[in-house]
Amino acid sequence: VAGLIVPWNLPLYLLTWKRAPAIACGNTVVAKPSEMTSVTAWMMCKLLEKAGVPPGVVNVVFGTGTKAGEALVCHPDVPLISFTGSTLTAQRIMEKSAPHCKRLSLELGGKNPAIIFDDADLTQCIPTTLRSSFANQGEICLCTSRIFVQRGIYSEFLKRFVAEAKKWKVGNPSDSAVDVGALISKEHLEKVRSYVKKAQAEGARVLCGEGVDSLALPVGNQKGYFMLPTVIAEVKDESCCMQEEIFGPVTCVVVFDTEEEVIKRANGVKYGLAATVWSSNVGRVHRVAQRLQSGLVWTNCWLVRDLNLPFGGMKASGIGREGGKDSYEFFTEVKTITIKH
């Protein structure tokens, strides 16, 4: 029995990403979606029933993490737990599952850097970095929240990046012209806004977005939890905005001088999920990618995925890998049988 616990961002995608290899390897599944996004999990069960999946193979329990999630983690008959979510919750899962010696796959948060060298192609880099910063309201664990730009192009990059960020339209995501929808909840919106206020209190500059530009919303959306794409500059590396996962449409842009310096600074957080490197120098791309403490590194692109490739992070960004061969190994047990005859 595999216990699958998925978060509220990308809820259907992340559930199918775990559920498919689990049942393909012959396991039954008990899934626990986020209490904030449980409808798609229920709809998927109805479709699986129509498709002829036998009763009891795929099961869903609804409820909060502290009740339903913890019951699943503590249950002695659930030997596997695959979890995507916060590092804090993962620590709780490790603690509660330890008495049962459960096998864990933990895909956690990120504080993902983009490193932009002065020989980068800005015509490709700027639109891609905007997307990597603000796609899905920044509510993706792979989003870029720290942008390191080499001094030679820093001013030009910042000017063009902010100008393009201001063009992103916020509103009802059902509108094809809209780029940014609502954040998940009022509480989360307030949390994200609080990081911007902290940055300002520390002396950083908010160049666009929250507290700087006015947010114009359609009449039907004015009570929603919307926020403009926000760019912050002149942030210190030790600032909470550079160290903690904000998980919203906020990114910080800072300057660097040398390759050695930026590698050290990019690695200077507790997380290690994803990174992007922008340079036309192939040797540099390979050197930097090798030394970054990240489970995934994209060079001159972002979110180019093959689902057969390993997915997961280093340090506080997780334990284990999922995808293809790695999912197969997680959802099966290796047995050695020696026969003498």
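Start with the second largest cavity, which holds about 50 Å³ of space; here a cavity is a set of points, on a 1 Å grid over the protein atoms alone, where a 1.4 Å probe fits but cannot get out, and a volume is the space filled by probe spheres set on the points, which are joined across faces, edges and corners. The model is predicted, so that local features need pLDDT of at least 70 and side-chain atom pairs count only at pLDDT 80 or more, while totals for chains, interfaces and linings use all residues. Residues are numbered from 1 along each chain as its sequence is written, and side-chain values use heavy atoms, with hydrogens and water left out.

Select Ala-266, Tyr-271, Gly-272, Gln-293 and Ser-294, which lie nearest the centre of this second largest cavity among its 13 lining residues, where lining means having an atom within 4 Å of a point. Strand S6 (112-116) and strand S11 (271-272) are the elements that give two or more residues to that lining, strands being DSSP runs (E, at least two residues) numbered from the N terminus.

Next, move to the largest cavity, with a volume of about 100 Å³, and select Gly-138, Cys-143, Ser-145, Glu-245 and Phe-247, which of its 16 lining residues lie nearest the centre. In all, two cavities of 30 Å³ or more are counted.

Now colour the chain by domain, with bounds from an automatic or database domain assignment: domain 1 covers 2-108 + 317-331 and domain 2 covers 112-299. Their C-alpha centres lie 30 Å apart, and the contact (heavy atoms within 4.5 Å) takes 10 residues from domain 1 and 12 residues from domain 2. Between them the two domains bury about 880 Å², 66% of it on carbon and sulfur atoms, buried area being the accessible area (1.4 Å probe) that two parts lose on being put together, summed over both. On the domain 1 side, select Trp-8, Asn-9 and Ser-317, which lose the most area to domain 2, together 53% of what that side buries.

Key: On a 1 Å grid over the protein atoms alone, a cavity is a set of points where a 1.4 Å probe fits but cannot get out, and a pocket is an open set with protein on both sides within 12 Å along at least five of seven lines; lining residues have an atom within 4 Å of a point. Helices (H or I, at least four residues) and strands (E, at least two) are DSSP runs, numbered from the N terminus.
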